[in-house]
Amino acid sequence: MTNPLPESLRQIRDDFLELGQPDRLQLLLEFSNDLPDLPERYRDHPDLLERVEECQSPVYLFVEVDDDSRVHMYATAPAEAPTTRGFASILSHGLGGLTVDEVLAVPDDFPNTIGLSAAISPLRLRGMTALLGRTKRQVRLRTAA
Amino acid sequence: MAVAPDPSPRFAEYAHPERLVSTDWLEQNLGTPGLVVAESDEDVLLYETGHIPGAVKIDWHTDLNDPVTRDFIQGERFAAVLGAKGITRDTTVVIYGDKSNWWAAYTLWVFTLFGHEDVRLLDGGRDKWIAEGRALTTEAATPEAVEYPVIERDDTTARAFRDDVLAHLGNPLIDVRSPEEYSGSRTTAPAYPEEGALRAGHIPTAKSVPWARAAAEDGTFRPLDQLNGVYRDEAGLSDGDRVIAYCRIGERSGHTWFVLTHLLGLEGVRNYDGSWTEWGSAVRVPIVTGTEPGDLPA
C-alpha cells in the first residue's frame with residue numbers, strides 16, 4: 001500500500017473517479033479511440049508481439065525500454081473489442097515514459113482502483129490486470145542483465 | 001404481438017419462427033410503432049462505438065444483474081429498466097449483439113423469466129448487420145419513458161438452480177463450454193480470464209455440445225437439419241426430454257437454451273445460470289473429469 005502511484009496513473013484514476021458511472025464508460029471509450037498506433041517497426045513483425053491470453057479479445061502487446069531506462073508500451077486490439085482497447089490505452093498512456101522502477105512499483109491492483117468495477121464485470125477488469133502483469137514481466141525480461 | 005413476424009421462408013422450418021427476424025426485415029421495420037430494438041453485447045462499450053439507429057442498449061451486467069446478490073434484478077427494477085428504454089409489456093423487442101448473439105440470447109432468456117411475450121433475436125446479430133453495410137449511428141437513443149408493469153420473475157420454468165440440477169441427474173444435461181473446460185484441463189474458456197472455480201470438469205452424464213456449434217460462420221443459426229444432427233442425433237435429445245443446459249455463468253447456455261426451445265421446439269428446457277462458477281466451487285457435488293460424460297454418482 002505504500003507504493004506511490006506515478007502522477008500519470010494518478011491523474012487517470014482521478015479523472016475516472018470524478019465522473020458518474022455512465023461518464024466513466026464514455027471516458028473509457030475515449031481512451032479506446034485514442035489507443036496509439038503500433039510503431040511502424042512492429043507492424044510487419046507480429047512475431048515480436050505477445051498475446052495476452054487472459055483478455056477476452058485478441059490483444060497483443062510489446063514493451064520497449066529505451067536507453068534512458070524509460071518504458072514504452074504498445075498494444076493492438078480489434079475495433080470490435082473497445083473495452084479491451086480502452087484498458088490497453090490507459091496503460092499505454094499511463095505507463096509510457098515512466099522509469100523501469102516506477103513501472104515495476106505500480107500496484108498490481110491499479111485496475112481495480114479506477115472506479116470501473118461497477119460498470120464493467122470483474123472478469124473483464126482481470127484482463128486489464130493481466131495486461132499490467134505482462135507488461136511488468138516484459139520490463140523485467142528486457143532489463144535482466 | 002405488436003408487430004407482425006418476419007415471414008422469411010428461411011425461418012419457417014424452425015419450431016418458433018416468430019422468434020427470429022432477418023437483417024432485411026429489421027431494416028425495413030425500423031421505426032415501426034410498437035417495436036423496440038435493443039443491443040446487448042459482451043463488450044459493454046460496443047454500443048457506444050456505433051449501433052443500429054434507434055436501438056437502445058441493454059447492459060447484461062449493470063441492467064440485468066443485481067449489484068449485490070448473485071441473482072437477476074427483481075420485478076421493480078426490471079420494470080424501471082424496461083420502462084426507461086421505452087418498452088411496454090406489449091412491445092415487440094428485437095435483441096441483437098456481438099459474438100453470434102451470445103449475450104443477446106442471454107438477455108432474451110432473462111426477458112423470458114419475466115414473461116415478456118414478444119421478444120426476438122436478429123439472426124446473425126451485430127456482425128451480420130455491419131458486414132452487410134447497413135446503417136450505424138453513435139447517437140444514443142433517447143426513448144420516451146413508458147410504464148412497464150412490475151412482474152414477479154418466474155424462476156421455475158426456464159431457470160434451474162444447483163439443487164434442481166442435483167435432482168435432475170439422470171435426465172439430459174448439455175455442457176456448452178469448450179472441450180477443454182468440459183474435460184477439466186481448464187476452468188475458463190480459452191483466452192478468457194480465470195474465473196475462480198475451484199474444481200475443473202463437468203457435471204456427471206452431461207454431454208458436451210459447445211454452444212457455437214449452433215452458429216454458422218456469419219453468426220446466423222444453422223439450418224434445422226444441421227441443428228437436429230447436433231442435438232438430436234449426436235447428443236441424443238428428443239421431444240419430451242427435460243433438458244438443463246449450463247456453461248460458466250449461464251450466458252453461453254442462454255444461446256443454447258434459445259436453440260433448443262425456440263428452434264428445435266423442446267419444451268421445459270432450463271438454463272442453469274449458476275453454472276460452472278457455482279458447481280465447480282460447491283462442496284461435495286459430483287464432478288467428472290475427462291472427455292466422457294461419466295456415470296451417475298452411486
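**Notes on charges and rings**

1. Let's start in chain A: Arg142(A) lies over the face of Phe62(A), and the distance to the ring centre is 4.8 Å. Please keep in mind as you read on that this is a predicted model.

2. Chain B has an arrangement of this kind to look at too. Here the charged end of Arg134(B) sits over the ring of Trp129(B), at 5.7 Å from its centre.

3. Now to another arginine of chain B. Where does Arg126(B) lie? You will find Arg126(B) in helix H5 of chain B, which covers residues 125–131. Is Arg126(B) buried or exposed? Arg126(B) counts as buried because its relative accessible area, 7%, falls under the 20% cut-off.

4. The surroundings of Arg126(B) are worth a slow look. Leaving aside residues up to four places away in sequence, Arg126(B) touches Glu39(B), Asp41(B), Leu46(B), Thr49(B), Gly50(B), His51(B), Tyr96(B), Gly97(B) and Asp98(B). With one of these, Glu39(B), the side chain of Arg126(B) makes a polar contact of 2.7 Å. Asn101(B) is 25 residues from Arg126(B) in sequence, while their C-alpha atoms are 7.6 Å apart in space.

5. Next, the aromatic rings. How many aromatic pairs does the structure hold over all chains? The total is 14. Among them is the pair of Trp60(B) and Tyr106(B), which is edge-to-face, with 6.5 Å from centre to centre and 80° between the planes. This pair links distant parts of the chain, its members being 46 residues apart. Trp60(B) belongs to the loop between strand E3 (56–57) and helix H3 (75–84) of chain B, whereas Tyr106(B) is in helix H4 (residues 98–113) of chain B.

6. Both partners are buried: Trp60(B) has a relative accessible area of 7%, and Tyr106(B) has a relative accessibility of 3%. A further edge-to-face pair is formed by Tyr272(B) and Trp279(B), with 6.2 Å between the centres and 80° between the planes. Tyr272(B) counts as buried at 1% relative accessibility, and Trp279(B) is buried as well, at 0% relative accessible area.

7. Finally, please colour one group of rings together. Which residues do ring pairs link into a cluster? The cluster consists of Trp60(B), Phe72(B), Trp102(B), Trp103(B), Tyr106(B), Trp109(B) and Trp211(B). Trp60(B) and Tyr106(B), the edge-to-face pair from point 5, are thus both members of the cluster.

Notes: Residues numbered from 1 in each chain as written. Chains lettered and ligands numbered in written order. Predicted model: local features only at pLDDT ≥ 70, side-chain atom pairs only at ≥ 80, totals over all residues. Heavy atoms only, no water. Helix = DSSP H or I, 4+ residues; strand = E, 2+ residues; numbered from the N terminus. Buried < 20%, exposed > 50% of the residue type's maximum accessible area, 1.4 Å probe, protein only. Contact = heavy atoms within 4.5 Å. Polar contact = N/O pair within 3.5 Å; in protein donor to acceptor, adjacent residues only side chain to side chain. Phe/Tyr/Trp six-rings, centres within 6.5 Å; stacked < 30°, edge-to-face > 60°. Lys NZ or Arg CZ within 6 Å of the ring centre and 35° of its normal.
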